[in-house]
Amino acid sequence: MNKKLAIDGGTPVRTEPFHPWPIYGAREEELLLEVLHSGNWGELSGSKVHQFETAFASFQQAHYGVCVPNGTLALELSLRALEIGPGDEVITTPYTFVATSTAILIVGARPVYVDIDPLTYNIDPARIEAAITSRTKAILPVHLAGRPAPMSEIMAIARKHNLFVLEDACQAWGAEWENRRVGAIGDLGTFSFQSSKNINSGEGGIVVTNNESLYEKCWSLHNVGRTRSGAWYYHENLGENLRMSEFQAAILIAQLERYPQHIPIREANARYLAEALSQVDGLLPLPNDPRVTQNARHLFIIRYQPECFGGKTLSQFLMAMEAEGIQPCSAGYVPLHQSPAVHRTMIRLFGEELATPPSLPVVEQIASQTLWLPQNFLLGTRADMDSIVDAACKIQQAWR
């Protein structure tokens, strides 16, 4: 191995890109042309959205699904269906994409952050009950990176306190907690089909549920408040046009058909990579939990310990990895209680006192030490996985 780092002018470990994304083929083309030539491009006149709703809900072990334009709107729609709004509180995690909090704030409710488990990066159930108040209406766990949150504990707390559970499963297609598919464990579950996602239509989302009344409420709200039996211009609820196009659904039908063959490939590569990286001092893949019977593996998360790399910062390590050809390699989320957009909105809606969360030391430490590899890396070969380890070892040897 060339010991001179690529960032210093040496030869990189790899020059080839990782597995291409998105994946598409003749099936996507066939279904898109079918929609194009049908002239039925919208949900109200076409059949593809309903076909995908039925197929995906079944895939997630849910009875019902309502498609929407994206995952953020899936969250917002779900909160509205649960009648969560001004004056209400939703307990959630600060370590997630901003959309989780955006949706809560858009409906006028207050996100209440509790710290995360350092071994899973998901919400720590041991901290939830202390955050419950008379205003709490729901718990909103996030299945981060495709790894299910501890749904057994969360559901027990919700039942004890008569709270709704809304699952943010936007990164967790096919993921299972104790052999149950996520999204259908709580009252409502949301998924995203944005460009980076394992099932991808550029943009897109869905709400799934086993509750018929919540399904009908979601259906009405996503279809400008109409009811199935009402007249065209009769609006029972104050809804919006949140309908998915038939083109999005056509792509998603093909993507879902292909997805099951990708799950074992991602899982095998993730386990191989985790074992190999665990031999590198200072790089800590998240441990497996036997209660997670299927991980969607949307992101491969690694905790970085700078003391094992000559004290170099995470940012320096990321730049060195990218120079070695491990691209893209990125830092994780900025905790949402430290997000300027969220903080400003919290002040405007609730005042300075409620905008300042309690101390969240675990997420604050982890956020400064975390790096991600995207899901398409895990569709590659063992040689691809080895190149990631080789790059990390090369950097460590140069910096020690």
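Start by selecting strands β5 (residues 164-168) and β8 (residues 188-192): they run parallel and are joined by 3 bridges. Strands here are DSSP E runs of at least two residues, helices are H or I runs of at least four, both numbered from the N terminus, and two strands pair if DSSP finds at least two bridges between them. Zoom in on Leu166, which sits opposite Leu188 of β8.

Before moving on, note that this is a predicted model: local features need pLDDT of at least 70, side-chain atom pairs count only at pLDDT 80 or more, and totals for chains, interfaces and linings use all residues. Numbering runs from 1 along each chain as its sequence is written, and side-chain values use heavy atoms, leaving out hydrogens and water.

Follow the chain from β4 through helix α5 (residues 151-161) to β5: the β-α-β crossover is right-handed, meaning clockwise from first strand over helix to second with the strands pointing away from the viewer.

Colour β5 by burial next. Because 4 of its 5 residues are buried, β5 is largely enclosed by the rest of the structure (buried means under 20% relative accessible area with a 1.4 Å probe, protein chains only).

Last stop: Phe52, Phe56 and Phe193, which touch the most other members of the 49-residue largest nonpolar core. Such a core is a set of buried Ala, Val, Leu, Ile, Met, Phe, Trp, Tyr and Cys residues joined through side-chain atoms within 4.5 Å. Helix α7 (246-277) gives the largest share, 8 residues.

How values were computed: Buried means under 20% relative accessible area, exposed over 50%, partly exposed in between (1.4 Å probe, protein chains only).
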